[in-house]
Amino acid sequence: MSFGVYVHIPYCIQRCTYCDFATYEQTKILPPTDYTQLLIKEINLKKQFFLQGKESQFIDTLYFGGGTPSLFAIKNIVQIINALASAGYLVSPDAELTMEINPGTVDENKLNEYLKLGFNRFSVGAQTFNSAHLKRVHREHSVDDTRKSLGLLKKYNLNYNFDLLFGMPYQTIAELDHDLSQALAIEPPHVSPYYLTVPEGHPLSKNRPIEDEQMVMFERIESALSSAGYHRYEISNYARPGFESKHNYLYWSDQEYWGIGLGSHSYLKRSTHSAWGQRFWNPNNIKIYQQEIEALKALHSPAELADIYFENLKENQSLTDFCHTSLRRAKGLILSDLKNKFSTSSIEKVDAQLNQLSQRGLVQATDHGYTLTSQGKLISNWVFEKLTFT
Ligand SMILES: C[S@@+](CC[C@H](N)C(=O)[O-])C[C@H]1O[C@@H](n2cnc3c(N)ncnc32)[C@H](O)[C@@H]1O
Ligand code: SF4
C-alpha cells in the first residue's frame, strides 16, 4: 500500500479567468508565514488519522500543489516538511516529491534549493505558447517565461510535467497543432492536456471550438503524443515510459492520501468507523479554514471533525469511486481487485453495467478486467454516470 501527502498552497500572482481551484491573489490572503503556521497546526492536530497509534508513517509521494507553491519562500517549504517529520511522517528514501511551478516563478537558485530538499519532479503550468490566448485567460506569464522555465528543467535533465490547456475561446486546430509541436520539441517526460472546462454563462464559455473541432483536438493530442512515444496511462495524463506520476496514480488506485491546507481532500482506507473508509476535507474559504484550524483540538479520527467535513463511506460510494478511478487508468478496472474488495451483489451490479457498456463499444475486456475504449474516453463522464451506484 502506498501513502501520499498533498499540501495546498493557495497563492497566485493573479487569478486566471477559468480557474475555480481554492486559490487567492497573493495580496488578498494572509502572509505566507501565517499560512505556513496554520498548515503546521493542522499537521499536528490531525497526525493521528494516518498514524493510528504507530510512531511513524512513510510518505511515498509528497505533492506541493496550488495555486502557485513556487511563490513560497524555501524556508516555508522546509518548515512544512520538518513539521511532517516531527509528527512522524517521514519522506521515504525513494519517494516522489513534486513541486508545481508557474512559468517565471523559479530561477536557477530556487531550483537548486528544491533539488537539495529532495524534490525530484516538477509540474509546469505552461498551458499554451500563444500569447494572445495566455492574455485572454488572464495568465500572468509570457511565452518567453514558459520557455525559460522549461529550458531550466531540461538543462538539469529533470523529471517534469507540462500542463497543456486547450479548447480556449477562438483557439483553432492549427494553433493547437503549433502548441503540440512546440511542447514536443522540448521533450517533456510527462504531458497533462486539460480541456478548458467552464460553467455555462462564464465569460470564457463563448466562441469556443465547436463540437466537431473539439473532437479533432482530442484526436490531434492523442496522435501527436502517442507517435512521439508518450503513453496515455490515464485519461488526462501522458508519459514517457517510467515517468508516470506516482502521486496521481495513487488517487486512481484506491490508496490513502492526506490533503493538508485550504480545500484539500483526504481518503483514509483503514477506518474503525467504516469498513469502506472515510473521506475528509477542509473548507475552501481562507477565513473559515483559519477559524476552523485555530479552534480545533487534537483529534484521533476524522469522525471527530464537524459533520460537514467528513463522511464515513458506504459500500455503494466506495464501489462508485473504485469504478470511476480505476477506469481512468489505461490498465483499467481489475476484476480480481473488485472481487477482493466488494460483496457479491456489488460485483453483479458492476458486471451488468460493464456488459452493457461493452455492447455499446464504450469499454472493452482485457486479460484482467475492462478499460475504456477511445469512444468511452471521449464521453467518460457519461460512462461514469452508468457506473454510479446509489
Ligand atoms: C490548479 S492548476 C495549478 C498549477 C499552476 N497554478 C498553474 O496554473 O500553472 C493545475 C492545472 O489545472 C488547470 N485548470 C485549472 N482550471 C481549469 C479549468 N477550468 N479547465 C481546465 N483546466 C483547468 C490549469 O490550467 C493548471 O494547469
Ligand atoms: S495560476 Fe493556476 S491555480 Fe492560480 S489561478 Fe491560474 S490556474 Fe488557478
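Two strands pair if DSSP finds at least two bridges between them, and strands here are DSSP runs of E with at least two residues, helices being runs of H or I with at least four, numbered from the N terminus. The model is predicted, so local features need pLDDT of at least 70 and side-chain atom pairs count only at pLDDT 80 or more, while totals for chains, interfaces and linings use all residues. Residues are numbered from 1 along each chain as its sequence is written, with chains lettered from A and ligands numbered from 1 in the order in which they are written.

Seven bridges tie β4 to strand β5 (residues 89-101), and the two run parallel; Gln57 sits opposite Tyr89 in β5. Getting from β4 to β5, the chain passes through helix α3 (residues 74-86) in a right-handed β-α-β crossover (clockwise from the first strand over the helix to the second, with the strands pointing away from the viewer). Strand β1 (residues 3-9) also runs parallel to β4, joined by six bridges, and Ile9 has Gly66 as its bridge partner there. Nine of the ten β4 residues are buried, so the strand is largely enclosed by the rest of the structure (buried: 20 or more other C-beta atoms within 10 Å of the residue's own; exposed: 12 or fewer; partly exposed: in between; C-beta atoms are placed from the backbone).

Leu158 turns up in the loop between α6 (143-155) and β7 (160-166). With 17 other C-beta atoms within 10 Å, Leu158 is partly exposed. Its C-alpha atom is separated by 15 Å from that of Ala95, 63 residues away along the chain.
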